[in-house]
Structures are given as structure tokens and as C-alpha cells.
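User: Please examine the structure shown below and answer a series of questions about its architecture.

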Amino acid sequence: MASNERTARWPARLHVVTGKGGTGKTTVAAALALALAEGGRRTLLVEVEGRQGIAQLFGIPPLPYAERRVAGVPGGGEVRALAVDPEEALLEYLDMFYKLGAAGRALRKVGAIDFATTIAPGLRDVLLTGKVKEATTRSREGRRVYDAVVLDAPPTGRIGRFLNVTAETARLAKVGPIKSQSEGVASLLRSPITAVHVVTLLEEMPVQESLDAITELGSLHIPVGRIILNATQPALLTAAKVTKAELKRGLSAAGLPADAGAVSGLAAEARAHLTRRRLEESLRTELTETGRPMVELPLLDRGVDRSGLEELADRLMSG
Amino acid sequence: MTTPHLDVDALLADPSTKIVVCCGAGGVGKTTTAAALGLRAAEVHGRRTVVLTIDPARRLAQSMGLTELDNTPRQVKAIDTEAGGELHAMMLDMKRTFDEVVEAHTTPQRAAEIFANPFYQAMSSTFSGTQEYMAMEKLGQLRATDEWDLIVVDTPPSRSALDFLDAPARLSRFLDGRMLRMLLAPARSGGRSMFSLVTASFGVFSRAVQKILGAQLLTDLSGFVAALDSMFGGFRQRADETYRILQDPQTSFLLVAAPERDAVREAAYFAERLVTERMPLAGLVLNRAHRTEMTGMSAERAESAAAALDAAGEHPVTADALRIHAALVRLTEREAGVATTFTDAFPAVAATSVAAQPADVHDVDGLRAIGAALAAAP
């Protein structure tokens, strides 16, 4: 498949990646940013929670509030990364719209910025998503600066509130620029330009939270993209049941110790594997019933390094 | 050097252990661990125990008979009370807890004004940190009643495990901050502005806020700030008291992690913080650790035997089972490697591990099994 056909399988331009904590959403977001940079394209990978997860993943020093190249992709593409800080975003915003200059710095000095983003958490989210919107829609000399923006978003438990910016600010700001800013963000997030992808493991809690998040996003009219099953493992047992007698004969035939301890140990491992796989199958069915397209990523045996990310990127494009 | 083993039973049985705080990254099984510890303290050690959960999975909450978020400890039925213990469980209602704090520190009329203010409404339900602060507030309240032998606390699913330690201080710093004082300065000086550097920069702020947010918002904000002002001392004092409870030797922190890189890194950050803050770290619980049941067979040996069986076209089930064993051995090796990043950095911190369960836990029997695994000898 040509690279433009492959990237066309992910039609949105702003890809919001969420998932329960521990499901690997940062890894998936990074792999998606690499994948979408195929064919000489440029992507931006954004984080908003001050965790410096991107820097850790790529093994680089903490990211400043600036767009930095973190990876090149064969074919001339590149991934840049940005850690959005709400204070910096507010100052930038003030500067852009009000030319505050030195007054802006004074505000920071007296703690006004900290105050503003603390007292009005909705404001903080508008600033963060506002910055993401700015990067998504930014053009230079008539050309888009980024072919795609991938946001490593807050986890499933908070994603609805995070993206539902107008509801939060409407409560505080009834008129004025903050209101129009949040409305601009809201309409981008509800347009086909955006897709929210939900990363999950085939485990009960992450699947339940994913289903809840999909329902919540649906009721907010925010477009859900794909369900990404992360760290999946192949079924290693083709048979539906395992007996000790069978294992005893098999171990003997293989010239391995076939004492009672070895046989029952191996049987216990095989049965646990079967239980696990059956649970995974039923969870997979539940996810399929949402009707959302799914893509599966394998568990990386050697942990996540650059070649692992590339493997995941390739699976995202072909799966 | 081997890591000392965490003796969970000794910790739970010790009458001087009054509070156990379970903390760690999201998705590592904190709530399940807290519930299992509470159950074991009640059933095995006969202690009157309450488990404070923050955001339990629906089925886990149901397993303890919790159906609503109502801030009231409910006795968990269907447990073994032969040892004389009781288990109660509650889910934190963040907003109600905040309301209670406000009510405790101001007049009913003032409280009504505060509740009606849109800033209060936003802050009490969404301020990142309110949940952490209110969890600590609730812990302080439970401790103050002196009704419980043991309080087990699950911590909020924070962005980072550290938020939970920082939030009370952040909130009190915020409430005591320069910004707030500046907003109050005109009111305190009888409405006349003082010609000082402070009010000059406040003027800049006020103008900027007016310009950006509009006048209505500024009015709401001033109202909120003025109302909060009456509760200043109270907030500050409570946050300080909670902090002292956390430093008390009767409190024990348990770090909960899964043998995954991020979770272990988070646990290590947290351990560093606890040491810095002089808070009592009891040990590390490594959840979801995989174990092999067939000891003494290497991954390589199992794989080559499986390949030989395949080649002979015999015993396909045994060949599959051997490959499952090989994958499990590799996984346990990888997990052990991840765990050493913590134990190498904190060799003196005791640890225990709980085997990965093939399916999630959502009944009392499951919690009992986890409790037994937590307490089991290595």
C-alpha cells in the first residue's frame, strides 16, 4: 500500500489519544505520530499533563514549551513534540490577543497565572486545547505546518470533561473572548477534523472505562475514532482443554521430567492461559459491539524502544 | 543483597498502625489492594476497619455493598467476624466533603453565598487537586472520630501519584497566596486603593482580567474570594493538620505498583518524596506479578522440546503448553528486571508481591485471596 493510502486510513487531522492509566496511551500516541509522518509528512505529538512522558519515551531531556523535532521518518517525514504548559499557554494567548508584553510577565510574577488556572480549571483546559487547536490549524505560506497533530490526552476518566470545554467555561464566562475561544475549540473538536481514539488492554477495568468513555463522548457529539487494543498476546493453546494425563505423556515423549509436580505445574499454567484468553475473547466481543473500528497492537517483548515504536506504527497503518 | 520481605500481617495486626495509605500510579490495583487489606485486618486481625475508596470500579464497589457515593461508611456484610473485627467501606463524595468544610468554618448565610457562587461550584467539583485535598480532609475526619482501629485509604487516580501529597499544600498555598491577598486588598483597606507597588500591579491584573473575562466574572470572583477570606485560617490549619497525620508514625504508606516500567518509576519517585517529607514508608506491593508453576524448566529448554514435539507431529497440546511456559518464564524475567530498578534504588524498602489473577476480582472471596497473597511468605 502506498503511504498516502495508508495514512488515509486515519482521516482526521487531530488525533486525540485517551485510555485508562497504564494502558500505554503515550506509547500509542507516539507510534501514531510516527505512522502519520510517513511519506514525507510532518506531525506534532503533544502532551498536556506535565508528565514529560514523550521525553521519557524517546529518551531525551524534558521538553520545553516549544516544538522540537524528536524523530525523523524515512521518506523525509518528521515528528515534532510539544509539552503544553498551561501557564505558558496563557501568557502566549494574552500576548497574541492583547499585546500585554511586560504586563504579562508581571502577572506571572504576582502569581496571577497560577491563580487563574487554579481557580478556573475549565480555563486551564481551554488553554491546553486552545493551543492544540492553534497547532492543528496553523498555516505558513498557504500550507499547513502539520499534516497531523496527535494529542496524548488525559485518561478516559477525565477525557469527557477535558474535551467538553464550552460546558466548563460557560459556567464562568458568559461573554467575552474566553467564551469565543472555547467555542472555537468546541467546534473543532466536534468536526470531522478530530477523532478520539481509545487505547485499552483486554482487561476488565480498562475495557469498562473505554466503553464508558465512548458513550460519554458520543453524548457530547465528539467523534470517536478507533479502539486500539494494546499489548495483545496471541493465543498459544489451540486445544480447548488440557488434561494432566495428556501432558504427562507429552512430557515423557519429549524426554522432559514428567513427575507429578512438573505435570500439575504445567497444567496450571496452561489452564490459567485458557481462562485469561476466554476472558479476553468476551471483552473483545464487548468492544466489537460498539461498532467502532478496532486495531490490535502486539505486546512488545523487549519493552518500548525506537524499533518497537516503529513496529507499532506499522501495525497502526496496516491493521 | 535481597530485598526484605514486607510482613503485611505484622503491619495490620499492630495496634499502633492506625492508618494505611495505598498509593501509586493509576491502573495498578490500588483500590483492590486497599479493600483486600481492610478485609484481612477485620477478618484475620479482628480490627474495626474502614476502607476509604476514592473512585472504585463499579463491580468492586458492589462487592463491598457500596452502591452510592454518599460519604458514609457502610458495614460490609458477608465477612467472617469470628475474630471480632468489622469492615466498613465508603466512597468519597468530593463536593459534599468540600461543602462540609465550608459549613464548618463560616456562618450559614455566608455558606449559602459561597455555594451559590459559580467559582465555588467549578472549584468544588473540578479543581484538579480538590479530590486529593478532600480525600485527605475525609481521612482527617475519620481519624478524629477515634471510632476506628484502622483506616485504609485508597488514593485518587491522579495524573501522578505525587499529586496526592502536593494537593493539600497547593490548595492552602493558593488560598493563602499573594494573588488572593491582592484581590482582597481594596476591600481590606476600606475600598480605597492604596498607592503602593502591590496595588499598582493589581491594577494591571484587574484590568487584564476585566478585558479578558468580562466584568461579571470579576464580580463573581471577588465575591468568592471575599467569602473564602473568612475561612482562611481554617483551611490552612486543616491542611497542616492533615500533613502531620501523614507524618505520624501511626501512619504507614504502602506503594502499590505493577511490574511495568512506568508504574515502577512512579513508585520510585513517590518513595523519594516520602523519604524527603519524613513520611513513614512501610513497603512496596508489587501487584500482578507473574509466576511460573513449573519450576526449574528454562524457556529455551521448553521451546526446544516444543519444537521437537512439533517436528515429530506428536502431542500438540503439550507443545502448546510448553510454549505457554516459555512465554511465562520470559515474562517473569522481564518483570524481575523492572522490579530491580526499584529495589536497587531502595534496598531497605520491604516488598511483597501478588500473583497476577487470571480474571479481575469482584467479590469478597476474591479480596480474601488477594489479602492472603499479600500476607504470604515469599
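Analyst: 6 residues of domain 1 of chain B are in contact with 6 residues of domain 2 of chain B, where contact requires C-beta atoms, placed from the backbone, to lie within 7 Å. This is a predicted model, in which local features need pLDDT of at least 70 and side-chain atom pairs count only at pLDDT 80 or more, while totals for chains, interfaces and linings use all residues. Residues are numbered from 1 along each chain as its sequence is written, and chains are lettered from A and ligands numbered from 1 in the order in which they are written.

User: How do the residues on the side of domain 1 of chain B that touches domain 2 of chain B divide into nonpolar, polar and charged?
Analyst: Ala, Val, Leu, Ile, Met, Phe, Trp, Tyr, Cys and Pro count as nonpolar, Asp, Glu, Lys and Arg as charged, and the others, Gly among them, as polar. On that basis, this side of domain 1 of chain B comprises 1 nonpolar, 3 polar and 2 charged.

User: How far apart do the C-alpha centres of domain 1 and domain 2 of chain B lie?
Analyst: The domain bounds come from an automatic or database domain assignment. Domain 1 of chain B covers 8–168 + 246–292 + 335–375, and domain 2 covers 299–333. The separation of their C-alpha centres is 41 Å.

User: Which strands of chain B pair with strand 1 of chain B, and over how many bridges?
Analyst: Strands (E, at least two residues) and helices (H or I, at least four) are DSSP runs numbered from the N terminus, and two strands pair if DSSP finds at least two bridges between them. In chain B, B:V20 has B:V152 of strand 5 as its bridge partner, and B:C22 stands opposite B:L254 of strand 6. Strand 1 (residues 19–23) runs parallel to strand 5 (residues 150–154), with 4 bridges. It is also parallel to strand 6 (residues 251–257), with 5 bridges.

User: How many residues of strand 1 of chain B are buried?
Analyst: A residue is buried if 20 or more other C-beta atoms, placed from the backbone, lie within 10 Å of its own, exposed if 12 or fewer, and partly exposed in between. B:I19, B:V21 and B:C23 point one way from the strand, B:V20 and B:C22 the other way, and all are buried. The count for strand 1 of chain B is therefore 5 of 5.

User: Which strands stand at the edges of the open sheet of chain A?
Analyst: This sheet has 8 strands in the order 3-4-2-7-1-8-9-10, with mixed pairing. Each edge strand has a single partner strand, so one side of each is left without a neighbour in the sheet; these are strand 3 (68–73) and strand 10 (294–298) of chain A.

Note on methods
Two residues are in contact if their C-beta atoms, placed from the backbone, lie within 7 Å.
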